[in-house]
Amino acid sequence: MYSALLSTLINGQGENVSIRSSRVLLLALSASLLAACNSGTSAPEVTLSGVLSLSRAGEAVAGATVKVGDTGPQTTTDASGHYTLNIPANSGAVALTFTKAGYASTRVENVDPASMPVVDEILQASLNPDLPSTPPTVTLDLADGATVGADDLKIQVKTTTASPDLNGPTSGIASLGVDAGSSGYLNAGRARAFVASLKGDDTFTLKASDIAAYSGNLDVHVAVYDFNGNRTHVIRHVKVAATSVAKAVVAPTDLSPTAITFADTATYGALGTSPLASSALKNFVKGDAATLKGLAVQRSGTLTPQAADSGTVMWVDVAFKYDPAAPLPRSFELYRSSDAQNYTRVLTATPAKVAQDDKGNYLIRDNSAQLTPGTRYTYRVRAVSDTATQDSAVTTVTPLGRYTITLGAPAQGSTGVETAPIFRWKTGGASDKEALLLLVLDRTQAEGKSFQWQSDVSGKTSAVYDNDGRALTPYLQPFHAYDWQMAGMTYNTDQTAFSIGADFFNALGIVSNPVKGGPVNEFVTGGY
């Protein structure tokens, strides 16, 4: 068509082509060319998205830069830590770098956008701003396309860092299927190998029995940290040579979810080590504290570096049953949906990895950064064999936001306080019910026991000292220094979601180490 128009303009229609006709033809040609440009097929793109958070199951990191490669497109995380990038579909595997002022940096290598369109990552605050914020250089002896599964998978990992004398490699985690962290509780069910002290040339071993949960394609993840918190996460895409599991599996049953929001981003005790914690919490609010107190003797775990409210970590436990008389599946898979229609696979695990006992009780934990307080999530569990799969019925849960406690009177630093004062406080983010304890302590000038008074004040916003007759003395000593604080949590009516706000002294019997974030007010009494 374009050649015909040009020919008409150049050669004319006989001898009678007017100037006006030429202009019309030029306009037609321009419009045709413009339409061709607009209707032409642009280079296809794929979308990469995810959430950046401070710790696994932790709060979002907003305002961080996410960049593809050294010169590729980049974007910034929003207030919820989310990011989205469009890159050419023919880019192949790419590297992503996450940076923010005051934070260590994270680099993810060998991301295949076609098979891995969602990449959730973590970014830690720098331990020392004077140290380098360059992610470590990490090499593996495991290649893409390698076949694994016949034996334990031993991965040789070599790490070099900027300023190695001051900022050497510290720890690393190798995992199957999903990127895992070091916390034993949050990573329950995840097949991983954790090396707490790296030398720079280290071996990570993943067990063949864990690889047996998978068949076909599998992603192997290796993440390495340096002293300043910089992180490099390398992905390898391998193939599993799996033994056939051709069994007539049955559907998992009795799904029971528990969402926990925890006002602590560093340490916790019983909740940090025991998969029984969620059921123990439910027993606690029914008046049975024995299970929690039994768990409290266990030591704490440490969270390592996905997005909850600021200052919290959040996860969902999904307990379920599987008929112990039925053949065991190759694996159990946990799926999550925020619209009850489109599901994302959260985790694949062998039955042995998520078994709670030998009576058919299992538990899988979802610690994804995609979890958001106030969002209703639907879960299902799938039993997988090579001949068939069986899905459970679905269950739902809505995680709670952060529960806060603000102390009123006596105010911090107040003097001349009555010896039988009225204590006042406010709570925020409460759900249907609250469990609150008021603690008055004699620590500064302690004479004997430091706990002066502990009282159940659930559902209240004030209390007069010793109104229940449980204080050590009916009045506080005059001209004496004390401090007071609260221990508390909130939960919904059906006891599927809990938010723990403060419990520094384990008054609720939940943890063996402090729950951070509980305010403390110090005061001095006056005379009688």
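Me: What makes Arg-330 and Asp-386 a salt bridge?
Reply: The closest N and O atoms of Arg-330 and Asp-386 are 2.7 Å apart. A salt bridge is a side-chain nitrogen of Lys or Arg within 4 Å of a carboxyl oxygen of Asp or Glu. The pair therefore qualifies. This is a predicted model: local features need pLDDT of at least 70, side-chain atom pairs count only at pLDDT 80 or more, and totals for chains, interfaces and linings use all residues. Residues are numbered from 1 along each chain as its sequence is written, and side-chain values use heavy atoms, with hydrogens and water left out.

Me: Which parts of the chain do Arg-330 and Asp-386 tie together?
Reply: Arg-330 lies in the loop between β19 and β20 (331–337). Asp-386 lies in the loop between β23 (377–384) and β24 (389–391). So the pair ties together parts that are 56 residues apart in sequence. Strands (E, at least two residues) and helices (H or I, at least four) are DSSP runs, numbered from the N terminus.

Me: Why is Arg-330 called buried?
Reply: Its relative accessible area is 6%. Buried means under 20%, exposed over 50%, partly exposed in between (1.4 Å probe, protein chains only). So Arg-330 is buried.

Me: Why is Asp-386 called partly exposed?
Reply: Asp-386 has 36% relative accessibility, so it falls in the middle class.

Me: How do you know that Thr-350 is in contact with Arg-330?
Reply: Contact means heavy atoms within 4.5 Å. Leaving aside neighbours within four places in sequence, the contacts of Thr-350 include Arg-330, Ser-331 and Asp-210. Thr-350 sits in the loop between β21 (344–349) and α7 (351–354).

Me: Is Thr-350 buried or exposed, and why?
Reply: Thr-350 is at 10% relative accessibility, so it counts as buried.

Me: What makes Arg-365 and Asp-317 a salt bridge, and where do they lie?
Reply: Their side chains meet at 2.5 Å, N to O. Arg-365 is in strand β22 (residues 361–366) and Asp-317 in strand β19 (residues 313–321), 48 residues apart. Arg-365 has a relative accessible area of 0%, so it is buried. Asp-317, at 1%, is therefore buried too.

Me: Why is the Asp-391 and Arg-380 pair called a salt bridge?
Reply: The N to O distance is 3.9 Å. The pair therefore meets the definition. Asp-391 lies in strand β24 and Arg-380 in strand β23, so parts eleven residues apart in sequence are tied together. Arg-380, Arg-382 and Asp-391 are linked in a network of salt bridges.
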